[in-house]
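Subject: Structure handover

Hello,

I am passing on the structure we spoke about. Please look through it first; my notes follow below.

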Amino acid sequence: MDALNWAKRFVSISDLEQNTIMHARKTLLFDDFGRAWIKKGNDNAFDVAMGAYDGAEICELVGLFILYDLETNLGAESVGLYRDDGLAVLRKCSGSDADRMRKKITEIFKSYGLRISVETNLKSVNFLDVNLNLINGSYKPYSKPNNPPVYINTSSNHPPTIIRNIPAAISKRISTLSSSKEIFDQAAETYSEALSSCGYSEKIQYSEKENINSTKQDNSKKKNKSRKRKVIWFNPPFSKNVKTNVGGTFIRLINKHFPRGSKLFKIFNKNSVKVSYSCMRNIGAIMKSHNAQIRRSADKPPEKECNCRKKDSCPLSGKCLSQAIVYKATVNSDNESKQYIGLAGGTFKERYNNHTKSFRLEKYKKETELSKYVWGLKHKDEKFNISWDIVQKSNTKMRKSGICNLCLEEKMAILNSKMSNPRISLNKRSELISKCRHSRVKKK
């Protein structure tokens with residue numbers, strides 16, 4: 001709360017936003033029997049859970065507030081924090097003064113309910129992945145004891161560009177963390193051996209600081225001059241089991257269907273559409289997900305499938321309470337038959353009620369393509385009936401791309417419907433590129 005009150009000096013935070021942030025800090029853990037567990041001695045369930053969506057932002061806010069407090073109360077200027085690691089430089093300070101400073105810092109953290117361990121009078125300090133020597137001003141790479149570096153194996157199922165650029169990326173990183181070539185050579189053997197054990201034949205090589213800095217300056221100049229282009233990214237998953245060059249085939253399709261002179265050439269061309277392979281899950285992640293799904297299904301009690309008073313009149317043949325499904329509505333009239341593909345993130349009964357509402361009330365007739373077609377039949381005084389079927393059962397589990405499985409299944413069902421018989425499909429092609437409505441992550 002103190003950090004939020006301090007942040008109000010610089011940004012506008014309403015009482016509603018503040019209450020929302022504090023309410024989101026309440027964390028509960030439920031076991032397989034439905035019992036809630038909270039931390040011992042924590043009556044209001046306040047906690048910043050590991051993996052929370054805003055965990056990093058909360059950490060940064062609290063860190064900035066503590067830095068401000070340290071600078072105000074102690075006059076410490078050369079102090080920095082990164083997550084849970086801090087570094088401070090004290091100039092013209094004796095050993096006893098440094099120890100008193102350590103006690104004051106500990107008291108400040110304790111006043112906010114935080115614990116901290118502080119080491120003083122150090123001439124050489126390890127901070128993150130670099131060792132800083134204050135005596136001679138040198139610095140070198142640092143890694144924790146008994147923690148050898150491990151890299152992606154060359155036989156791993158990763159895109160070739162990632163595997164090919166790993167040695168160069170490591171060389172650049174270790175060169176940046178080394179103040180001289182001599183220090184780089186001392187640390188290079190460990191990383192070269194780690195690369196060799198993973199199947200790489202290359203060894204890391206030292207890059208001059210001038211070259212690295214000049215490259216950064218050149219890139220910054222180019223970024224300032226070039227205008228920002230809107231780019232559409234296609235990220236197909238990469239697998240060595242697939243022989244087809246998916247990226248090359250996709251680009252050739254773009255060139256074929258959107259040639260120069262086309263109305264959509266400005267939107268879909270080789271400069272505005274890019275391809276970058278994404279990595280598939282490893283075996284460990286697949287097994288973990290599979291086992292978790294089995295445990296959930298085993299502990300989950302059987303759900304009620306229908307709550308209709310008259311079971312014979314259930315729109316989905318006794319399965320109207322099905323959740324996370326792709327459904328098909330078939331409209332049969334005197335002259336023709338049409339199909340509409342949709343999805344229900346909650347129960348189908350809720351989605352069905354929304355459809356029937358748009359069929360009854362004309363002010364909602366433009367909600368869906370299905371309602372538009374139904375009202376067209378009504379205006380023509382044509383008789384019709386609608387039958388409902390389940391096309392696919394899925395879930396709203398989010399993928400790394402920010403799209404859930406349910407939306408992907410719906411797009412695939414619409415595509416199959418249009419490819420099999422485009423004349424009877426009511427869905428628009430624009431639905432194939434619509435955004436996921438179940439996305440819980442705000443993209444920046």
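In what order do the strands of the open sheet of 3 strands lie, and is their pairing parallel or antiparallel? The order is 5-6-7, and the pairing is antiparallel. Please keep in mind that this is a predicted model.

The sheet

Two strands sit at the edges of this sheet, strand 5 (124-127) and strand 7 (139-141), and each of them pairs on one side only. From one strand to the next, the twist averages 20 degrees. In general, strands of a sheet pair through backbone hydrogen bonds, in either a parallel or an antiparallel sense. Here, strand 5 and strand 6 (residues 130-133) are joined in the antiparallel sense by 4 bridges.

Aromatic pairs

There are 13 aromatic pairs in the structure. A pair of aromatic rings is described by the distance of the centres and the angle of the planes. I describe two of the pairs here.

One of them is formed by tryptophan 6 and phenylalanine 65, with 6.0 Å centre to centre and 55 degrees between the planes, and is tilted. It connects distant parts of the chain: tryptophan 6 belongs to helix 1 (residues 2-7) and phenylalanine 65 to helix 3 (residues 55-74), and the two are 59 residues apart. Tryptophan 6 and phenylalanine 65 are both buried.

Another is formed by tyrosine 352 and tryptophan 388. Their ring centres are 5.5 Å apart and their planes stand at 85 degrees, so this pair counts as edge-to-face, since the angle is over 60 degrees. This pair also links distant parts of the chain, with tyrosine 352 in helix 10 (residues 348-360) and tryptophan 388 in strand 14 (residues 384-393), 36 residues apart. Tryptophan 388 is buried, at a relative accessible area of 7%, whereas tyrosine 352, at 22% relative accessibility, counts as partly exposed.

Which residues make up the aromatic cluster that includes Trp6? Trp6, Phe10, Phe65, Tyr68 and Tyr112 form this one cluster, so the tilted pair of tryptophan 6 and phenylalanine 65 lies within it.

Charges over rings

Two lysines are worth a look as well. The charged end of lysine 357 sits over the ring of tyrosine 364, at 4.3 Å from the ring centre. For lysine 378, the charged end sits over the ring of tryptophan 375, 4.4 Å from its centre.

Regards

Notes
Residues are numbered from 1 along each chain as its sequence is written. This is a predicted model: local features need pLDDT of at least 70, side-chain atom pairs count only at pLDDT 80 or more; totals for chains, interfaces and linings use all residues. Side-chain values use heavy atoms; hydrogens and water are left out. Two strands pair if DSSP finds at least two bridges between them. Axes are lines fitted to C-alpha atoms, for helices over the stretch in contact, and angles run from 0 to 180 degrees between N-to-C directions. Rings of Phe, Tyr and Trp (its six-membered ring) pair if their centres lie within 6.5 Å; planes under 30 degrees apart count as stacked, over 60 as edge-to-face and the rest as tilted. Buried means under 20% relative accessible area, exposed over 50%, partly exposed in between (1.4 Å probe, protein chains only). A charge sits over a ring if NZ of Lys or CZ of Arg is within 6 Å of the ring centre and within 35 degrees of the ring normal.
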